[in-house]
Amino acid sequence: MTFKIRENLWLNFSHTKSFNRFFLKGYPMETISIAQIKEAAEYIRRQTPLRPTIALTLGSGMGPLAAEITDATVIPYTDIPHFARSTVPGHAGQLVIGKLQGHTVLAMQGRYHFYEGHSMQSVTLPVRVMKLLGIEIFIVTNAAGGLNQSFSVGDLMLITDHINFTGMAGHHPLRGPNLDEFGPRFPDMSTPYDLELQAMARKAARRAGFTLREGVYVSLAGPSFETPAEIRFLQIIGGDAVGMSTAPEVVVARHSGIRVLGISGISNVAITDTTSDQKTTHEEVLEASQMMASKLIKLVKGVLTELSG
Ligand code: HPA
């Protein structure tokens, strides 16, 4: 690699390693080590004798589901080694470990987002920790904008697949040294969302008496909401809902073989026209998500009942 500093002055690096050593000194790519993941998992294990096998991540406004958990041990993220701080309103920032519908569960009440300034490795550290804690099933929820024109505010959407836009653009949570203990360098992503869990969710929604939408979730970096042109683009490429989370967590979960169920709450419908009077706000997202929380509780409880049967 050769760089021109100024006329007649060139800097030559014979290989990438020396370039990285020279330019990135003190600014290494953020990576998470096995030791850090173990330290976080051991801290959590010391707080409770319960050993959860099902984890839930509760997105914007979906926190009320955590109140359904009994015999709960609550651990603020700030107490857990290597966990970052959650800075977004609507995200409490704590782990709740306890009992739900006869299962021992771990709920993340609030999550980290890339737009808060965390690296993708940091955003997905909790999923690595879940694996070490013995989690086998990961139920991931979020608030999302509806791209599919047949969706309405208040709908729940079963995520059948995703487009990890941020990952495709280079901010991939598995970038960097592969953690071989968790999974392979090039993990398969042909069935990111577990088919059996999807069938259970359809059944649970039917039993609870509400329509469960289905579709593809597009994961963007945020924090700005999309322009109408971006929305039309995401519709063309096959997106049904758009948000600022989830896909990176799912990719990391699948890397280590955790089965995933994904649910989006449609908190607003995407605006496709620049002359529209409509605006998208986080307050609107939170308000709608809180309305959807009761449906989400029924859906998750229904799936947990199915898992017992
Ligand atoms: N766009 C991106 N993220 C979101 C939206 C949206 O419209 N609604 C909730 N999260």
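Let me start with Arg-259, which is partly exposed at a relative accessible area of 26%. By that I mean between the two cut-offs: buried is under 20%, exposed is over 50%, with a 1.4 Å probe and protein chains only.

A word on the source. This is a predicted model, where local features need pLDDT of at least 70, side-chain atom pairs count only at pLDDT 80 or more, and totals for chains, interfaces and linings use all residues. Numbering runs from 1 along each chain as its sequence is written, and side-chain values use heavy atoms, with hydrogens and water left out.

Back to Arg-259. Its side chain forms a salt bridge with Glu-196, at 3.4 Å, N to O. Arg-259 is in strand 11 (residues 259-269) and Glu-196 is in helix 6 (residues 195-208), 63 residues apart. A salt bridge here is a side-chain nitrogen of Lys or Arg within 4 Å of a carboxyl oxygen of Asp or Glu. Helices (H or I, at least four residues) and strands (E, at least two) are DSSP runs, numbered from the N terminus. Glu-196 is partly exposed too, at 48%.

Next, Glu-306. What does Glu-306 pair with at 2.8 Å? The partner is Arg-207. Glu-306 also bridges to Lys-203, at 3.6 Å. Lys-203 is in helix 6 and Glu-306 in helix 9 (residues 282-308), so this pair ties together parts 103 residues apart in sequence. Glu-306 is buried, at 15%. Lys-203 is partly exposed, at 33%. Arg-207 is exposed, at 62%.

Now the ligand. Residues around it, with a heavy atom within 4 Å, include Phe-225, Val-242, Met-244 and Ser-267. One is 2.7 Å from a side-chain N or O atom of Asn-268. One is 2.8 Å from a side-chain N or O atom of Glu-226. One is 3.3 Å from a polar backbone atom of Gly-145. The protein covers 94% of the 260 Å² of accessible area that the ligand has on its own. Areas come from the Shrake-Rupley method with a 1.4 Å probe; for residues, only the protein chains shown count as cover.

Then helix 8, residues 247-255. Is helix 8 enclosed or open? Here 8 of its 9 residues are buried, so the rest of the structure largely encloses it. Gly-257 follows helix 8, with a positive phi near 80°.

Last, the whole protein. It has 9 helices and 11 strands. Buried residues make up 53% of its 309 residues.

Technical notes:
A polar contact is a pair of N or O atoms within 3.5 Å; within protein, one must be able to donate a hydrogen and the other to accept it, and residues adjacent in sequence count only if both atoms are side-chain atoms.
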